[in-house]
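Please open the structure in your viewer and keep the selection tool at hand. The tour goes from the whole chain to single residues and ends at the parts to read with care.

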Amino acid sequence: PGPPSPPPPPATNPAAAAAAALARRAHPLYATVTLQLLTEVINSRLFTTVRDTLGLTYDVSFEITTYDRLRTGWFSVLVTSYPDKIHEALAASLAVLRDIQISPVTPRELMRAKRTLLTRHESDLKDNNYWLGLLTHLQCQDVPYKVTECLRDLTSMYEIATVDDLHDAYRHFDFSDESVFTCIGTSGQAPPEEPDRTQLAQMFAAPGALDGFVGVQSQGWAQQASTGQQDWSSAFQKAFGAALKQQQAAGSNGSLPQQQQQAQQQPQQQQQQQAVGKGMADPMAMFTA
């Protein structure tokens with residue numbers, strides 16, 4: 001078959017626009033395309049704000065993890081910074097995630113995300129592994145939404161996606177304190193000092209604190225200093241217990257033995273310890289949500 005036909009021009013009357021939106025959102029690629037575009041927009045905002053504007057990190061990224069057959073998933077943000085700046089980087093990253101509900105995605109941001117993903121798609125088509133990934137589960141009855149349209153209409157679905165589609169995907173996320181779990185890990189002889197959480201909350205809640213992005217104050221941020229450690233294991237089991245049981249039932253034989261994993265990690269740990277011993281700054285501080 002030839003290349004997919006170009007997308008139709010935008011509908012001018014409300015009835016036609018509503019019908020086009022319904023048809024677009026009924027497509028099996030709708031969720032995949034909108035989540036990838038939203039991920040690209042969030043990554044751009046994180047990079048522009050946390051790195052370029054605030055200078056708190058060298059690298060920050062937002063990722064979404066989903067499954068082919070399980071109706072579940074999660075998002076994660078990974079940011080590296082110096083220990084004395086990691087708390088500010090964490091607060092700024094959370095603020096960027098929550099800012100989309102106040103500072104909506106702009107058509108320019110959407111156009112830039114489309115251009116990036118389409119260029120990457122055209123480049124990856126030269127890779128056989130990419131083709132194998134596109135063809136995976138195509139004829140599998142257990143994955144009914146993986147049909148030939150997922151290959152044929154991929155480019156067209158990117159091109160006709162709208163800002164409203166991205167906000168429709170964003171509404172499925174919960175960035176509240178009750179649903180976001182944060183973890184800071186630092187390497188070195190001593191952990192960084194606890195920050196003034198009230199001051200951080202005020203800093204990233206002030207209008208214009210993120211250079212055009214209005215911060216949303218975390219409701220429980222000021223109270224976290226006095227609370228104890230949370231039971232992350234029970235919280236994770238509550239959120240993903242059913243999915244984990246299905247995955248465990250299917251069996252996983254690809255994990256390495258614990259001794260082999262430790263043997264692989266020892267050289268990296270020794271290298272980090274030598275760097276700290278020489279007085280070198282260690283930026284390996286991680287935040288995962």
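What pLDDT does the protein chain average, and what percentage of the residues score at least 70? This is a predicted model. The average pLDDT of the protein chain is 74, and 64% of the residues score at least 70.

**Whole chain**

Begin with the protein chain in a cartoon view, where eleven helices and four strands can be found. Next, show the surface: the protein chain exposes about 18,500 Å², and 53% of that is supplied by carbon and sulfur atoms. Of its 289 residues, 30% count as buried. Among contacts in the protein chain with a separation of 6 or more, 74% are between residues 24 or more positions apart.

**Helices H2 and H8**

Select residues 30–53, which form helix H2, and residues 163–170, which form helix H8. How do their axes cross? The two axes come within 9 Å and cross at roughly 90°. Angles of 65 to 115 degrees count as roughly perpendicular, so H2 is roughly perpendicular to H8. Now show the side chains at the contact. From H2, pick Tyr30, Thr34, Leu35, Leu37, Leu38 and Val41; from H8, pick Asp165, Leu166, Asp168, Ala169 and Tyr170. Sorted by class, this contact of H2 with H8 has eight nonpolar, one polar and two charged residues.

**Val41**

Stay in helix H2 and select Val41. Is Val41 buried or exposed? Val41 has a relative accessible area of 2%, so it is buried; the cut-off for buried is under 20%. Leaving out residues up to four places away in sequence, Val41 touches Val105, Glu109, Ala113 and Leu166. Then draw a distance from the C-alpha atom of Val41 to that of Arg112: the two are separated by 8.3 Å, although they lie 71 residues apart along the chain.

**Glu63**

Move to strand S1, residues 59–66, and select Glu63. Its relative accessible area is 47%, so Glu63 is partly exposed. Which residues does Glu63 contact, apart from its neighbours within four places in sequence? They are Trp74, Phe75 and Ser76.

**Lys85**

Select Lys85 in the loop between strand S2 (73–80) and helix H3 (86–99). Lys85 counts as partly exposed because its relative accessibility is 33%. Not counting residues up to four places away in sequence, Lys85 touches Gly55 and Leu56. Pro195 is 110 residues from Lys85 in sequence, yet their C-alpha atoms are 9.6 Å apart.

**His137**

Go to the loop between helix H5 (128–135) and helix H6 (149–152) and select His137. Most residues other than glycine have a negative phi. His137 is not a glycine, but its phi is positive, about 65°. At 30% relative accessibility, His137 counts as partly exposed.

**Confidence**

Finally, colour the model by pLDDT. Which elements have the highest and the lowest mean pLDDT? Among the elements of the protein chain, helix H4 (residues 107–124) has the highest, 96, and strand S4 (residues 286–287) the lowest, 34. Select residues 252–256, where pLDDT stays under 50 and the model has two contacts beyond four places in sequence. Then select residues 278–289, where pLDDT also stays under 50 but the model has 43 such contacts. Where pLDDT is low, predicted coordinates should not be read in detail.

Note on methods
Residues numbered from 1 in each chain as written. Predicted model: local features only at pLDDT ≥ 70, side-chain atom pairs only at ≥ 80, totals over all residues. Heavy atoms only, no water. Axes fitted to C-alpha atoms, helices over the stretch in contact; angles between N-to-C directions. Helix = DSSP H or I, 4+ residues; strand = E, 2+ residues; numbered from the N terminus. Parallel < 35°, antiparallel > 145°, perpendicular 65-115°, else oblique. Contact = heavy atoms within 4.5 Å. Nonpolar A, V, L, I, M, F, W, Y, C, P; charged D, E, K, R; others polar. Buried < 20%, exposed > 50% of the residue type's maximum accessible area, 1.4 Å probe, protein only. Areas by Shrake-Rupley, 256 points an atom, 1.4 Å probe, with all protein chains shown as cover. pLDDT = per-residue confidence, 0-100.
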